[in-house]
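Subject: Structure handover and notes

Hello,

I am passing this structure on to you.

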Amino acid sequence: MNEYNKYIRFDWAAKRMLRDKANFGVLEGLITVLLNEEVKIVEILESEGNQDYEYDKFNRVDIKAKNSKGEIIIVEIQLTRELYYLERILYGVAKAITEHINLGDKYDKVKKIYSISILYFDLGQGSDFLYHGQVVFTGVHTKDTLRISSKDNDIIQMKAPEGIFPEYFIIRVNEFNKIATTPLEEWVDYLKSGNINDNTTAPGLGEARKKLQYMTMNKSERVAYDKHIDAIMVQNDVLDTAKMEGRAEGREEGRAEGRAEGIAEGKLEEKRNVAKKMMAHGISVADICQMTGLSEEDIIKLNQG
């Protein structure tokens with residue numbers, strides 16, 4: 001891919017570009033293909049979860065948006081493995097619900113939440129690249145689906161629980177290994193490799209071709225972006241090497257207790273090695289904190305060492 005046909009990675013764009021109203025079309029496209037219905041973003045919402053500080057350890061949500069129905073859409077991008085990731089996205093959804101209902105409001109003010117996780121690591125076991133979860137109440141004996149009465153615009157109507165409870169989409173980017181033939185596959189191909197077909201008709205990707213070109217960034221933005229890509233490559237290389245070394249050492253360890261201690265210490269050492277290599281490549285302390293999970297104090301000590 002030449003420089004004039006090179007597209008910015010989605011994880012970078014989500015942090016710096018997709019919150020701009022002029023670029024809402026890109027995000028709308030991704031959500032449209034996942035929900036299989038046209039989605040319009042009204043605004044990007046701010047909360048404790050999507051602060052702009054790159055080194056903020058509580059920076060969990062990359063984008064939180066509201067659609068034309070008043071529903072909340074959370075988009076999270078995770079580059080490195082996290083042990084309790086499912087618990088984390090559950091907490092993020094619960095937090096979003098409570099942030100958007102005021103004390104004293106009736107429960108009809110509770111907003112439906114869509115949680116979209118774009119993962120660049122292998123989460124669990126499964127052969128698909130997209131998983132979808134929602135709450136459905138099924139009769140234990142009758143196998144029918146429960147529906148409940150709800151008042152909307154002073155009209156009593158029936159609602160299914162799945163129309164109220166959160167929905168979860170988990171995109172396992174690394175599991176996508178096929179030629180893209182559908183809009184969804186084209187989107188996942190872009191998320192994984194940055195490829196966008198010149199003749200794409202997938203919602204949002206035509207917009208991305210115009211708005212997310214590498215050469216449209218100014219020089220300082222390109223330098224920062226290149227460092228970001230370099231940091232990811234260094235991190236992946238170091239982690240892959242550490243995994244291989246860890247497996248070899250683990251076979252020689254012998255005792256289960258020793259293995260458990262070795263794994264905990266090994267993970268910390270992995271992070272330190274990653275940080276050292278990033279410093280050698282001139283990557284900022286803030287970026288290193290974000291990528292490794294180490295504190296600024298830890299990294300300064302490493303630098304002094």
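Predicted model: local features only at pLDDT ≥ 70, side-chain atom pairs only at ≥ 80, totals over all residues.

Residues are numbered from 1 along each chain as its sequence is written, and side-chain values use heavy atoms, with hydrogens and water left out.

Nonpolar cores

A nonpolar core here is a set of buried Ala, Val, Leu, Ile, Met, Phe, Trp, Tyr and Cys residues joined through side-chain atoms within 4.5 Å. Buried means under 20% relative accessible area, exposed over 50%, and partly exposed in between, with a 1.4 Å probe and protein chains only. The largest core has 59 residues, and Phe 10, Ile 118 and Trp 187 have the most contacts inside it. Helix H2 (residues 24-35) gives the largest share of this core, eight residues. Helices (H or I, at least four residues) and strands (E, at least two) are DSSP runs, numbered from the N terminus. Another core, of twelve residues, lies apart from the largest one and includes Ile 74, Tyr 85, Leu 119 and Ile 170.

Contact means heavy atoms within 4.5 Å. Leaving aside neighbours within four places in sequence, Ile 118 is in contact with Phe 10, Leu 30, Val 75, Glu 76, Ile 77, Gln 78, Ile 171, Val 173 and Leu 191.

Helix H4 (residues 183-193) has Glu 185, Glu 186, Trp 187, Val 188, Tyr 190 and Leu 191 as its buried residues. These pack against helix H1 (10-16), H2, strand S4 (113-119), strand S8 (167-172) and helix H5 (205-211). Just after H4 comes Gly 194, with a positive phi of about 80°.

Helix H2 also holds Glu 28, which counts as buried at 11% relative accessibility. Not counting residues up to four places away in sequence, Glu 28 touches Val 39, Lys 40 and Ile 41.

Aromatic pairs

Rings of Phe, Tyr and Trp (its six-membered ring) pair if their centres lie within 6.5 Å; planes under 30 degrees apart count as stacked, over 60 as edge-to-face and the rest as tilted. There are eight aromatic pairs in the structure. The ring centres of Trp 187 and Tyr 190 are 5.8 Å apart and their planes stand at 70°, so this pair is edge-to-face. Both residues lie in helix H4, three residues apart, about one turn of the helix. Phe 10 is linked with Trp 187 and Tyr 190 into a cluster by ring pairs.

Tyr 214 and Tyr 225 make a tilted pair, with 5.9 Å from centre to centre and 55° between the planes. Tyr 214 is in the loop between H5 and H6 and Tyr 225 is in helix H6, so the pair ties together parts that are eleven residues apart in sequence. Tyr 214 is buried at a relative accessible area of 6%, and Tyr 225 is buried at 2% relative accessibility.

Cavity and pocket

On a 1 Å grid over the protein atoms alone, a cavity is a set of points where a 1.4 Å probe fits but cannot get out, and a pocket is an open set with protein on both sides within 12 Å along at least five of seven lines; lining residues have an atom within 4 Å of a point. Grid points are joined across faces, edges and corners, and a volume is the space filled by probe spheres set on the points.

The structure holds one cavity of 30 Å³ or more. Its lining consists of Lys 227, His 228, Ala 231, Ile 283, Asp 287, Gln 290 and Met 291. Helix H6 (219-253) and helix H8 (285-292) each supply at least two residues of that lining.

The second largest pocket has a volume of about 660 Å³. It is lined by 23 residues, and the closest to its centre are Asp 108, Val 110, Lys 111, Lys 112 and Lys 159. Strand S6 (148-152) supplies the largest share of the lining, three residues.

Positive phi

Asn 36 has a positive phi, near 60°, and is not a glycine. Asn 36 sits in the loop between H2 and strand S1 (41-44) and is exposed at 73% relative accessibility. Lys 143, also not a glycine, has a positive phi of about 65°.

Regards
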